[in-house]
Amino acid sequence: MAEYKGDPVVVIGLGRFGTSLALELTRRGTEVLAIDSRPKITQSLAGRITQIATADATDIEALRQLGVPDFYQAVVAVGSDVEASILTTSLLVELEINDIWAKAISTQHGRILSRIGAHHVVFPEHDMGERVAHLVSGRMLDYMQVDEDFALAKTTPPKEYVGIPLGQSNLRRKYGVTIVAVKPPGEEFTYATAETELSYGDVILVSGRTEQVERFAELP
């Protein structure tokens with residue numbers, strides 16, 4: 001199987017999620033082959049994505065003719081057609097694609113995609129809803145669920161940790177989180193060290209178990 005510099009990506013399904021993904025990958029300089037069965041959709045994106053094809057991705061011969069087996073990575077971004085999503089993913093497994101990402105619309109759908117061989121399952125609507133909920137409900141400036149129970153949050157320092165070197169703060173022992181980086185007003189982020197002292201107005205990146213990060217970000 002061919003491997004390409006920069007790992008070109010096949011994106012199958014050009015709904016909102018697949019289209020934004022393919023356009024962002026193209027913008028970043030990644031070679032993309034985008035596939036959708038609807039001519040109107042593929043025509044509207046022609047010239048904006050590296051390669052675009054109108055084809056039925058549930059047909060293994062169509063995938064072979066498009067050169068899909070030569071790609072290292074593939075994303076199944078098929079929308080609400082669960083059957084097509086599962087069949088397409090199983091064909092990519094059969095074609096021995098090394099790294100398969102698949103969009104799921106429910107926990108059960110995601111479980112099936114994992115069982116048939118998807119290496120990564122994403123829940124775009126769920127993940128975005130969770131992220132927005134965290135931003136709306138607390139002091140967080142940004143939030144990312146890194147794993148099932150591990151998160152990274154951008155927030156401001158709680159009062160009790162302002163003016164104390166992090167190495168003397170007992171922060172990890174007390175709250176189970178780590179301050180990864182600090183951004184003073186008007187400056188760039190720098191990695192936090194044991195000597196770093198937080199100030200009012202700083203922005204900090206905090207990592208840890210989801211529940212502990214949430215608890216820390218709620219401190220006054």
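Is arginine 28 buried or exposed? Arginine 28 is exposed, at a relative accessible area of 61%. The views below show a predicted model, in which local features need pLDDT of at least 70, side-chain atom pairs count only at pLDDT 80 or more, and totals for chains, interfaces and linings use all residues. Residues are numbered from 1 along each chain as its sequence is written, and side-chain values use heavy atoms, with hydrogens and water left out.

**View 1. Glu24, Arg27 and Arg28 are linked in a network of salt bridges.** A salt bridge here is a side-chain nitrogen of Lys or Arg within 4 Å of a carboxyl oxygen of Asp or Glu. Glutamate 24 pairs with arginine 27, with the closest N and O atoms 2.7 Å apart. Glutamate 24 also forms a salt bridge with arginine 28, at 2.8 Å between the closest N and O atoms. Glutamate 24 and arginine 27 are three residues apart in helix α1 (residues 16–27), so about one helical turn separates them. Helices are DSSP runs (H or I, at least four residues) and strands likewise (E, at least two), numbered from the N terminus. Glutamate 24 is partly exposed, at 28% relative accessible area. Arginine 27 is exposed, at 60%. Buried means under 20% relative accessible area, exposed over 50%, and partly exposed in between (1.4 Å probe, protein chains only).

**View 2. Glutamate 61 forms a salt bridge with arginine 64.** Their closest N and O atoms are 2.8 Å apart. Both residues lie in helix α3 (residues 60–65), three residues apart, so about one helical turn separates them. Glutamate 61 is partly exposed, with a relative accessible area of 40%. Arginine 64 is partly exposed at 40% relative accessibility. The structure holds five salt bridges.

**View 3. Helix α5 (residues 107–116) has buried residues His109, Gly110 and Leu113.** These residues cover an arc of only 100 degrees around the axis, so they lie on the same side of α5. The arc is that of the directions from the helix axis to the C-beta atoms. Thr107, Gln108 and Arg115 are exposed on the other side of α5.

**View 4. Asp147, Glu148, Asp149 and Glu211 gather in a surface patch of negative charge.** Patches are made of residues with over 30% relative accessible area and no salt bridge; like charges are joined within 9 Å, nonpolar side chains (Val, Leu, Ile, Met, Phe, Trp, Tyr) within 5 Å. Asp and Glu count as negative, Lys and Arg as positive; His and the chain ends are not counted. Aspartate 147 lies in strand β7 (residues 142–147). Aspartate 147 is exposed, with a relative accessible area of 53%.

How values were computed:
Areas by Shrake-Rupley, 256 points an atom, 1.4 Å probe, with all protein chains shown as cover. Charge placed at Lys NZ, Arg CZ, Asp CG, Glu CD.
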